[in-house]
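Dear colleague,

I am handing over a structure that is new to you, and below it I set out what was found. Please look through the sequence and the model before reading on.

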Amino acid sequence: MIMKLRLCQLTLISLAGVALLSLAGCGRSTDAAKASKVAFATMAQNSKQQVWYRLNTATPKTNSQVNDILIQQKGKVTDYQVQGISLKKLNNQSIAQTVTLAKNNERTAFNKALKSQQTNYQGELKLDKSNQKNSNQYTYKKGIAQANNEAKHDQQRYNQFKQSTKQLHFIATKAYPVTAKVGKNKSGKQVTSETIMLTAQKWQFGTANSGTVKQVSQHKQITLNIDNLMAKPVTVNNTKYIGYYGSPDALVTKTTNAKAESNFDTPSVHGVH
């Protein structure tokens, strides 16, 4: 009889342990659309793709424009810097549709910027010729030298542009590991702030001294404090969004959980320290 009681007690203790573990697992869900506590780096650990949006407004609105579409998966983030896309347009888009839209938008923006830069260089060279002609006409030595130097510099940049784009192929944005640094209160027990660090690729269409077109790494930091946390979802055109209020750019994701709230990441999450 005593043996049976002990077995029963052990069984109950084991079940209680399983229940506690299950609750802990639920509390750390990485499914952004369903989680009750939503944190950026934590959600990024999910094995499936999830989408976040960086807006041009401090809170999601019907007229919000999307500056970045961030695709999370397996601890990494792909940052698509998009143009001309409204939050309203993405309301009913699936994750797969959003990823396709982001990729197409990135390629279109690249082609548009490339053509625009070529037009700018050609316009500068045309202006240089006009300045050289005017300088020669008035025989102003200092003006002639300056006009010639500017023309030489602009021609050099245009030559670099043509050379670097001669066999240039579009390269899509890559995924990079997401990292974050958290700040704690005096006791060290509570996280009170966070800085999310993202790496992205950006096309550089020349500089003041060079016309070379190339892809460069760009590092971004998103600084969050208590005021940036959303206590509940914000609804825009019947779609709920949860995440972080911006100062000034909001960072949000879609949710179906009406009780969802945003939170800071913790050092227990991979990439967070």
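In which helix is the place of Tyr121? Tyr121 belongs to helix H4, residues 95–138, where helices (H or I, at least four residues) and strands (E, at least two) are DSSP runs, numbered from the N terminus. Please keep in mind that this is a predicted model, in which local features need pLDDT of at least 70 and side-chain atom pairs count only at pLDDT 80 or more, while totals for chains, interfaces and linings use all residues. Residues are numbered from 1 along each chain as its sequence is written, and side-chain values use heavy atoms, with hydrogens and water left out.

Tyr121 is buried, with a relative accessible area of 1% (buried means under 20%, exposed over 50% and partly exposed in between, with a 1.4 Å probe and protein chains only). Neighbours within four places in sequence set aside, Tyr121 has contacts, meaning heavy atoms within 4.5 Å, with Arg157, Tyr158, Phe161, Phe205, Gly206, Ser210 and Gly211. Gly211 lies 90 residues from Tyr121 along the chain, and the C-alpha atoms of the two are separated by 8.9 Å.

Turning to the sheets, seven strands form an open sheet in the order E5-E4-E3-E2-E11-E10-E9, with antiparallel pairing, two strands being paired if DSSP finds at least two bridges between them. Strand E5 (175–177) and strand E9 (234–236) stand at the edges with a single partner strand each, so one side of each is left without a neighbour in the sheet. Within this sheet, strand E2 (residues 50–55) and strand E11 (residues 251–255) run antiparallel and are joined by three bridges, and Trp52 has Thr253 in E11 as its bridge partner.

A further open sheet consists of three strands in the order E6-E7-E8, again with antiparallel pairing. Its edge strands are E6 (179–184) and E8 (213–225), each of which pairs on one side only. Six bridges join E6 to strand E7 (residues 191–205), and Thr179 stands opposite Met197 in E7.

Finally, the largest pocket is lined by 20 residues, and Asp31, Ala33, Gln49, Gln50 and Ile95 lie nearest its centre. A pocket here is an open set of points on a 1 Å grid over the protein atoms alone, where a 1.4 Å probe fits, with protein on both sides within 12 Å along at least five of seven lines, and lining residues have an atom within 4 Å of a point. Elements that give two or more residues to this lining are E2, H4, strand E10 (239–244) and E11.

With best wishes
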